[in-house]
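Reader: Can you walk me through this one? I'm new to reading models.

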Amino acid sequence: MAERSRRTVRDLRRGNRARVLQRLYFDGPLSRQELGPATGLSSGSISNVVAELAAEGLLQEAGIVDSDGGRPRTLLRVAPDGGLFVGIDIGETRVRIELFDLSLTELARTDRLLAQHGYDVERIVGHVRTGVSDVLRDAGADPGRLLGIGIGVPGIIERDAPDAVGGPGAVVHGPTIGWSAVPFERLLRAAVDVPPQVPFFIDNGARTLGQAEMWFGGGRGAQSAAVALIGSGVGASVNRGDMLDQDLSNAALEWGHTTVQLRGRRCRCGSIGCLEAYAGAEAMRERWYEAGGPLPEDTDDETALAALLEAARPAPDGPDPDPVAATILDETAECLGAALADLINLFLPERILLGGWAGLLIGPHLLPQIRAYAREYALGHAAARTTIDLGHLGPDAVTVGAATLPLSDFLARGGTRPVPAPGPAATPGPGRLPAHHYSRAATG
């Protein structure tokens, strides 16, 4: 009974710390007096928690404000130098690794191009290993201050066998990149040179994009939003609930492999008629090349998409629009609009945001058409309550979102730092953590 009581007191203390940290992180700076009603904690609890967090270097003063006739109030905020996170985007053309402080301000970054060797697993793991080392070195950062590494990857993430002794950790199924049951977490733990207590969080890239937009971008304040990731491939996530609500859910969808054309084009996933076979940048490049577009066969997706847009929508004093390029873009807008209508009808989101490098590139040109087609294909009432806009965070949103994975866990734990469990079972391999550190459910 005494042990149970100690666990309860510990959990209550951690919960109080989490409430204060989360409220200051998203709504700060705040005074101690404001933290009371914002968290529902007593003034005594606020004082104790603030003193603890400040002593650990997680909170700092952020100025003083006058009160109505009383003593001036000291504002508090989360200390940016309270810890470090790494966010990694396993993208379609590069692996991007960024180092962030606790406020998610970028401290260093590096890119590793993928064009020559594609998604060879060993090379990807090598890119992550050297990239993490490089950003820590470039920022002059102590690896001991690292609180977690978040990674966004294409495909479905399986955690049916969490990181137990001998288990694989997060396993990635990515048919469009040639990955079948890749034990990615285990491979990274064996390769990346970080302290053994540093946790890894691996998730679908569309889900990390969605979380970034919900926390810091165009989804902030919405109770429900769908966020589309349009690059060489296509994905999406659906996000529900307030970010300080325990009922928040964020699910990745294989939206790019929903059917938009019966007996249509062959998709790189092996199926036919998928949205990705029409609206992905790789597919748009292939469609234009097949139609006689002026592209060398080995042109990369980013160059090809920029040329396609320029041909279809030339400058006012430029040549006449290329009708083939214009038709391809209109077909792309219709396919995206119809697929967005499916998201509207199925999930009734308040907002839809288009992100990813290709989405942000075509969006300014095609957004009016995409909206029109979505209204045409969706149920009228549902479409009327949904706005469709571009994401706010730019092409780095997946990397920022990846960093929010360990940050979210850190805040939920009240700022307690992960430590390796004692005994040989805790460290069967480099960087390994016991299973309870990886019990957070994942979708997508």
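Reader: What does the protein average in pLDDT?

Author: The average is 86, and 87% of the residues score at least 70. pLDDT is the predictor's confidence in each residue, from 0 to 100.

Reader: Where is the pLDDT below 50?

Author: Residues 421-444 are one such stretch. Beyond near neighbours in sequence, that stretch has 55 contacts in the model (contact means heavy atoms within 4.5 Å). Where pLDDT is low, the predicted coordinates should not be read in detail.

Reader: New topic. How many residues does helix α6 have?

Author: Helix α6 has 12, residues 205-216. Helices are DSSP runs of H or I, at least four residues, and strands are runs of E, at least two, numbered from the N terminus. From first C-alpha to last, α6 reaches 16 Å, close to the 16 Å expected at 1.5 Å a residue. The expected span is 1.5 Å times one less than the number of residues.

Reader: How many of its residues are buried?

Author: In α6, 11 of the 12 are buried. Buried means under 20% relative accessible area, exposed over 50%, partly exposed in between (1.4 Å probe, protein chains only). W215 is among the buried ones.

Reader: What happens at the start of α6?

Author: A side-chain oxygen of N204 comes to within 2.8 Å of the backbone nitrogen of A206.

Reader: And α4, what covers its buried residues?

Author: The cover includes β5 (94-101), β6 (106-113) and α5 (184-191). Among the buried residues of α4 are I124, V128 and L136.

Reader: How many aromatic pairs are there?

Author: The whole structure has five. Rings of Phe, Tyr and Trp (its six-membered ring) pair if their centres lie within 6.5 Å; planes under 30 degrees apart count as stacked, over 60 as edge-to-face and the rest as tilted.

Reader: Why is the pair of F26 and W215 edge-to-face?

Author: Because their planes are at 90°, with the ring centres 4.9 Å apart. F26 sits in helix α1 (residues 2-27) and W215 in helix α6, 189 residues apart.

Reader: Which residues do ring pairs link into a cluster?

Author: Y25, F26, W215 and F216.

Note on methods. Residues numbered from 1 in each chain as written. Predicted model: local features only at pLDDT ≥ 70, side-chain atom pairs only at ≥ 80, totals over all residues. Heavy atoms only, no water. Polar contact = N/O pair within 3.5 Å; in protein donor to acceptor, adjacent residues only side chain to side chain.
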